[in-house]
Amino acid sequence: MIALSTVIAYLLGSVPVGILVCRLYGKDPREVGSGRTGATNVYRTVGLPGGLATVAGDVLKATLGVYIAGKIAPDPNLVTLAQSLAAGAAIVGHNYSVYIGFRGGAGGTPNLGGLLAIFPLAFVPTAVAAGLVWALGRIASLATLTISAIVFAVTIWLFIDGVRPGSILVYGIGQLVLVVWALRPNIARLLRGEERRISLSKDFVT
């Protein structure tokens, strides 16, 4: 059942919400900016309402996948492992969607969705922190890395404090690896001081 729930989470995570949203405007985010299908590039493509709709959809698809995993886990002692694998699978699906030739986003919003299902109390603070980084710095990759760093810290705390078993680290470490891997070019540009910033103007891209 854990394998099944992991596959379900991957397929849900693979739903290209950003593309579906942009189709309502007659556009395709893969032809704009970074070419990714996540909320930031949707914002570049069609503006703020579309970006926010994509955030909501990408968060919810991961939350649903992790929720299903928790419900169908064959043993209460395996719930955390099932949820951790599902959260990671949702990010993999988002970044490498089977529906669009294994392309996608960078994993920030489904990461929030996984956190919402696993430890809801941390969801709002993490979302607010990422939102502030995004708004103040206007660098999307930093916001995504902020989410990943907080999730990693939260899972470490959950394990050390005995709230969750060690299998929670499958999620904590796994999501960090997935996000950093997806953002390799962005991290290189950050280190060179050349990372693109999000424009708040009508042109959307700087």
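Figure 1. Helices (H or I, at least four residues) and strands (E, at least two) are DSSP runs, numbered from the N terminus. This is a predicted model, in which local features need pLDDT of at least 70, side-chain atom pairs count only at pLDDT 80 or more, and totals for chains, interfaces and linings use all residues. Residues are numbered from 1 along each chain as its sequence is written, and side-chain values use heavy atoms, with hydrogens and water left out. From the N terminus on, the order of elements is α-α-α-α-α-α-α-α-α-α. The radius of gyration is 16 Å, close to the 17 Å from the globule rule for 206 residues, so the chain is as compact as a globular protein of that length. This radius is taken over C-alpha atoms, and the rule is 2.2 Å times the number of residues to the power 0.38. Along the principal axes, the C-alpha atoms fill a box of roughly 50 × 30 × 25 Å.

**Figure 2. Inside and surface of the chain.** Of the 206 residues, 49% are buried. Buried means under 20% relative accessible area, exposed over 50%, and partly exposed in between (1.4 Å probe, protein chains only). The accessible surface is about 9,500 Å², and 70% of that surface belongs to carbon and sulfur atoms. Areas come from the Shrake-Rupley method with a 1.4 Å probe; for residues, only the protein chains shown count as cover. Contact means heavy atoms within 4.5 Å. Among contacts with a separation of 6 or more, 62% join residues 24 or more positions apart.

**Figure 3. Thr 54 sits in helix α4 (residues 48–72).** Thr 54 is buried, at 0% relative accessible area. Leave aside neighbours within four places in sequence, and Thr 54 is in contact with Val 17, Gly 18, Val 21, Thr 37, Gly 38, Ala 39 and Val 42. Now look at Asp 75. Thr 54 and Asp 75 are 21 residues apart in sequence and 34 Å apart in space, C-alpha to C-alpha.

**Figure 4. Gln 83 belongs to helix α5 (residues 79–95).** Gln 83 is buried, with 8% relative accessible area. Not counting residues up to four places away in sequence, Gln 83 touches Val 66, Ala 69, Gly 70, Ala 117, Ile 118 and Arg 164.

**Figure 5. Helices α6 (residues 108–118) and α9 cross at roughly 170°.** Their axes come within 12 Å. Axes are lines fitted to C-alpha atoms, for helices over the stretch in contact, and angles run from 0 to 180 degrees between N-to-C directions. The pair is roughly antiparallel. Angles under 35 degrees count as roughly parallel, over 145 as roughly antiparallel, 65 to 115 as roughly perpendicular and the rest as oblique. Asn 111, Gly 114, Leu 115 and Ile 118 of α6 meet Ile 168, Tyr 171, Gln 175 and Val 179 of α9.

**Figure 6. Helix α9 (residues 168–182) packs on helix α10 (residues 184–192) at about 70°.** Their axes are 4 Å apart. The two helices are therefore roughly perpendicular. On the α9 side, the contact is made by Val 180, Trp 181 and Ala 182; α10 brings Arg 184, Pro 185, Asn 186 and Ile 187.

**Figure 7. Positive phi in two loops.** Phe 102 lies in the loop between α5 and α6. Its phi is positive, about 60°, although Phe 102 is not a glycine. Arg 138 is in the loop between α7 (123–137) and α8 (140–160). Arg 138 is not a glycine either, yet has a positive phi of about 55°. With 27% relative accessibility, Arg 138 is partly exposed.
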